[in-house]
Amino acid sequence: MKKIIPSLSLFFAMLLGASCSKSDKGPGTDPGSSEASWKMGTYAYTRGTSNQSSSIIGGANLHIVYATTSGAPTQGVFSGSAVTVKFFDQGPGEYTIVAESAFSSANAVNKIMSIDCAIGTAVSTGSTLYTYASGTGKAKVTKVDNQYRITIDNGITLNKKLDVNGGVAGALTSYSFTCKSIF
């Protein structure tokens with residue numbers, strides 16, 4: 001089962017990315033506002049579109065939040081980003097961020113989550129995927145207008161996992177990641 005969850009999570013993330021053509025914004029929410037945003041190092045991104053879904057995996061409710069940026073590239077090869085947050089739905093509260101290898105339905109009774117962030121998604125020169133590997137990261141999960149929102153105030157370190165089409169030129173092997181109300 002431990003090997004199935006990462007593969008299944010990647011499949012869901014790719015599926016959501018491909019089908020994410022509408023914004024799931026709440027009433028009165030401007031997708032261009034900084035209400036939902038994230039940073040990878042010094043690069044700042046604002047939510048453009050997003051999607052949330054749930055599936056029962058191993059008897060547990062796996063919830064996935066997928067958010068992307070929109071608009072014209074403004075940060076060169078670092079333009080565009082996508083964040084995927086996976087957690088076993090235990091309601092609002094504080095969640096512990098764990099590495100993908102520790103994220104399994106066997107731990108579903110705990111408030112745990114896994115985070116991936118891709119950069120360079122708005123350009124054709126390549127993108128790079130980063131993931132949380134280890135540490136003591138914490139995330140705050142709230143629910144507004146029936147949508148979960150994720151906030152990480154204290155930076156966590158995301159490490160390079162995969163380069164697509166050669167990756168982002170000049171991208172570091174790791175970045176500090178924070179986010180505000182991703183939904």
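Predicted model: local features only at pLDDT ≥ 70, side-chain atom pairs only at ≥ 80, totals over all residues.
Reader: Which residues is Thr-128 in contact with, leaving aside neighbours within four places in sequence?
Author: With those neighbours set aside, Thr-128 is in contact with Cys-117, Ala-118, Ile-119, Lys-160, Leu-162, Asp-163, Gly-167, Val-168 and Ala-171. Thr-128 itself has its place in strand E7, residues 127-132.

Reader: Is Thr-128 buried or exposed?
Author: Thr-128 has a relative accessible area of 1%. This residue counts as buried because the value is under 20%.

Reader: What does the side chain of Thr-128 reach?
Author: The side chain of Thr-128 reaches the backbone nitrogen of Val-168 at 2.9 Å.

Reader: Turning to Asp-116, where is its place?
Author: Asp-116 is in strand E6, which runs over residues 112-119. The residue is buried, and its relative accessible area is 8%.

Reader: Which side chain is joined to that of Asp-116 by a polar contact?
Author: It is the side chain of Thr-131, and the polar contact is 2.6 Å.

Reader: A change of topic: which residues touch the most other members of the largest nonpolar core?
Author: Met-113, Ile-150 and Phe-177 do, in a core of 30 residues. Strand E9, residues 147-164, gives the most to this core, with 5 residues.

Reader: And what does Ile-150 touch?
Author: Not counting residues up to four places away in sequence, Ile-150 touches several residues, including Val-65, Val-85, Phe-87, Met-113, Ala-139 and Ile-182. There is also a second, separate core of 9 residues, and among them are Phe-88, Val-98, Ala-108 and Ile-112.

Reader: Finally, how many residues line the second largest pocket?
Author: The lining has 13 residues, of which Tyr-45, Thr-69, Ser-70, Thr-74 and Gly-80 lie nearest the centre of the pocket. About 160 Å³ of space lies in this pocket.

Reader: What is the lining of that pocket by class, and which strand gives the most to it?
Author: The lining of the second largest pocket has 8 polar residues, 5 nonpolar residues and no charged residues. Strand E2, residues 43-57, gives the most, with 3 residues.

Methods:
Residues numbered from 1 in each chain as written. Heavy atoms only, no water. 1 Å grid on protein atoms, 1.4 Å probe; cavity = no way out; pocket = protein on both sides within 12 Å on 5 of 7 lines; lining within 4 Å. Points joined across faces, edges and corners; volume = space filled by probe spheres on them. Helix = DSSP H or I, 4+ residues; strand = E, 2+ residues; numbered from the N terminus. Nonpolar A, V, L, I, M, F, W, Y, C, P; charged D, E, K, R; others polar. Buried < 20%, exposed > 50% of the residue type's maximum accessible area, 1.4 Å probe, protein only. Polar contact = N/O pair within 3.5 Å; in protein donor to acceptor, adjacent residues only side chain to side chain. Contact = heavy atoms within 4.5 Å. Core = buried A, V, L, I, M, F, W, Y, C linked by side-chain atoms within 4.5 Å.
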